[in-house]
Amino acid sequence: MNLAYKVLQAHLKEGELIPGKPICIGIDQTLTQDSTGTMAYLQLEAMDVGHVAVEKAVAYIDHNMLQTGFENMDDHEFIRSVARKHGITFSKPGNGVCHQLQLENFSKPGKTLVGSDSHTPTCGAMGMIAIGAGGLDVAVAMATGKYYLQCPSVIQVNLTGTKASWVSAKDIILKILQTLSVKGGVNKIVEYTGEGIASLSLTDRATICNMGAELGATTSIFPTDERTLEYLKQQGRAEDYVELKADEDAKYDERLDIDLSTLEPMVAKPHSPDAVVSAKELEGMHIHQVVIGSCTNSSFADMMRAAKILKGHQVADHVSLVIAPGSSSILAMLSQNGALADMIQAGARILECGCGPCIGMGQAPLSQGVSLRTINRNFKGRSGTNDASVYLVSPEIAALSAIKGYLSCEFEDDMYLDEVPSTPFIKNKNFFIDAYDPETEVYMGPNIKPVPRGENLDADIQGKVVLKVGDNISTDHIVPSDSKLLPFRSNVPHLAKFAFSKVDDQFYTRAKENHGGFIVGGDNYGQGSSREHAALVPNYLKIRAIFALSFARIHRSNLINNGILPIVIDQQGYDFFNQEDEYVLINVKESVENDQPIVVENRRTKEKLTAKLTLAPREKVMILQGGLLNAIKELGGD
Ligand code: F3S
């Protein structure tokens, strides 16, 4: 058996490990960040549970930390109070980035973790099955200790050889992205094997697992060895070490071989993490900004390597270099060993430990500017400047280029840090709050609005088609991801005002006037991200059903979680619907209960249409009860 399936097997609660089949696994740990966490905790609150059912649940504040209005701090205070009420560890703002902190403080070989952030797989470096999921799934995992997913297949990435000095872990994952593309890992677990692993430190492996998310992979996993133990010792947690590896004759569904000795420094060009080229091709490109940090590259080793390059040099006049260490421990260590002074002396701006520029919270680049970043994503506009060009690079290239003023991989020998000191981490317990008081009153400031709830399915449903759209409607069309809307992730009524605003600016008014209704879409409705708000907002607006030629997988689940019927129609069905006409779903409750086709009647013309709705047993319960929150008592199990 491969390692991924060994860990899954040890946690399997329902189903069999056959790729594509639904399974349920037991969850040991959860994590949330503040941007998705507020909604996850509103959902947890609505489930009316006591202490969380997992071994360790942590609520991090790392995304929306700029306090230019009251909204972000309202969210932080809400999360702090919920954490106290349910026995969740609260990580205060400034403590660092969730994945870096989880790795340092709580990761354990062989455990399972779900987190409401897509880079949760970072902890796969520790031999964990660590999966990013929607907020509601994480809330359910906190309440029940369970997580439902489609069993992934496993791709083996076999590493041989040893990388050259100036080749970093970032270059390895960029090479894999270049080979497999951003779709190469969908519904797969990437499992690393081979003697090349031994040359990679635990945090190198974390960088690689982190950007497995950019492959679209469910997660990535490394076996454990002396390097794992070395890291756990640094963290003062050697007793957490367990040796884990695949069987000699383990089976995999696919295989990719990478000889580390053939690699060179790489760069991902705008606007996709798989637009990867050799750094040499871009040597000399003029730059304006350099950002070192994020959950991908903010480890102690990353910071030390960057500091060594910067030491005794000066950041180019026209370049703004910003550095955000991954955790308060790392920042304390850098300040103690002098590396922080080397960075500051070179002219770097030190940011507080958190996501910051990665999520567009501050440090937006110059208009039409070029920004080199050690982060994991370079989608257009994510930096906060729509026409800026963001290139993804290693911390080494970032630091060197900041000095030169142009992209460079021409390192001088004395810039190389032969060995990163394996110093014990300075543990700062003051940023972690472990308190449990079930009587805690939850703080609900004006930015926190209740989570929308669906209604039990009526015998018939009637309403107007309030919007008819074409193919490839993305979650971003449904709820824009504009950085100005980020502080309103816990305020669905405010977000609703912007629903479909890029497609039809009258949608919100129409949906409100008609008290909801139906939406008709084309192919691949809801594509893009797992953004749960793209289902929460229609739920709030009382959209009861969406008819589409096809649905994107995650969005379909999110609709069902919200009690909205995702009904598949054909082209004839698409033509049957007219925006503004009124329709009735006849005996829809009975049809759902008995797995019958859905019959729809146009109330004006009396024409009828028969459409498909295929639901798994668990999904049927959610639809009948108006969503997962209402059905949790029945579905939550033990
Ligand atoms: Fe934060 Fe960026 Fe990672 S927003 S969690 S640093 S991908």
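How many helices and strands does the protein have? It has 21 helices and 27 strands, where helices (H or I, at least four residues) and strands (E, at least two) are DSSP runs, numbered from the N terminus. Before you start selecting, note that this is a predicted model, in which local features need pLDDT of at least 70, side-chain atom pairs count only at pLDDT 80 or more, and totals for chains, interfaces and linings use all residues. Residues are numbered from 1 along each chain as its sequence is written.

**The whole chain**

Zoom out first. Along the principal axes, the C-alpha atoms fill a box of roughly 80 × 50 × 50 Å.

**Stop one: the six-stranded sheet**

Select β3, β4, β5, β6, β7 and β20. These six strands form an open sheet with mixed pairing, in the order β7-β6-β3-β4-β5-β20; two strands pair if DSSP finds at least two bridges between them. At the edges you will find β7 (129–132) and β20 (432–433), each pairing on one side only. Now pick out β3 (residues 29–32) and β6 (residues 112–115), which pair in the parallel sense over three bridges. For a closer look, show L31, whose bridge partner in β6 is G115.

α4 lies across β3, β4 (56–60) and β5 (89–91), and runs at about 145° to β4. Axes here are lines fitted to C-alpha atoms, for helices over the stretch in contact, and angles run from 0 to 180 degrees between N-to-C directions.

**Stop two: α2 against α5**

Two packed helices are described by the angle between their axes and the distance between the axes. Select helix α2 (residues 34–46) and helix α5 (residues 135–144), which pack at an angle of about 50° with their axes 8 Å apart. That makes α2 oblique to α5; angles under 35 degrees count as roughly parallel, over 145 as roughly antiparallel, 65 to 115 as roughly perpendicular and the rest as oblique. α2 passes α5 in a right-handed crossing. A crossing is left-handed if the near helix is turned anticlockwise from the far one by less than a right angle, and right-handed if clockwise.

Residues are in contact if their C-beta atoms, placed from the backbone, lie within 7 Å. The contact has eight nonpolar, three polar and no charged residues. Here Ala, Val, Leu, Ile, Met, Phe, Trp, Tyr, Cys and Pro count as nonpolar, Asp, Glu, Lys and Arg as charged, and the others, Gly among them, as polar.

**Stop three: α9 against α11**

Move on to helix α9 (residues 300–310) and helix α11 (residues 339–346), whose axes come within 9 Å and cross at roughly 45°. α9 and α11 are therefore oblique to each other, and α9 passes α11 in a left-handed crossing. Select M303, M304, A307 and L310 in α9, which meet A339, D342, M343 and A346 in α11. This contact divides into seven nonpolar, no polar and one charged residue.

**Stop four: two backbone details**

Go to the loop between β13 (266–268) and β14 (276–278), where H271 lies. The peptide bond from P270 to H271 is cis, with omega near 0°. Then find H515 in the loop between α15 (507–513) and β22 (517–521). H515 has a positive phi of about 55° although it is not a glycine.

**Last stop: the seven-stranded sheet**

From β22, select the open sheet of seven strands, ordered β24-β23-β22-β21-β25-β26-β27 with mixed pairing. Its edge strands are β24 (565–568) and β27 (608–611), each pairing on one side only. The twist averages 30° from one strand to the next. Three bridges join β21 (residues 461–468) to β22, and these strands run parallel. Finish on K468, which stands opposite V520 in β22.

Methods:
Two residues are in contact if their C-beta atoms, placed from the backbone, lie within 7 Å.
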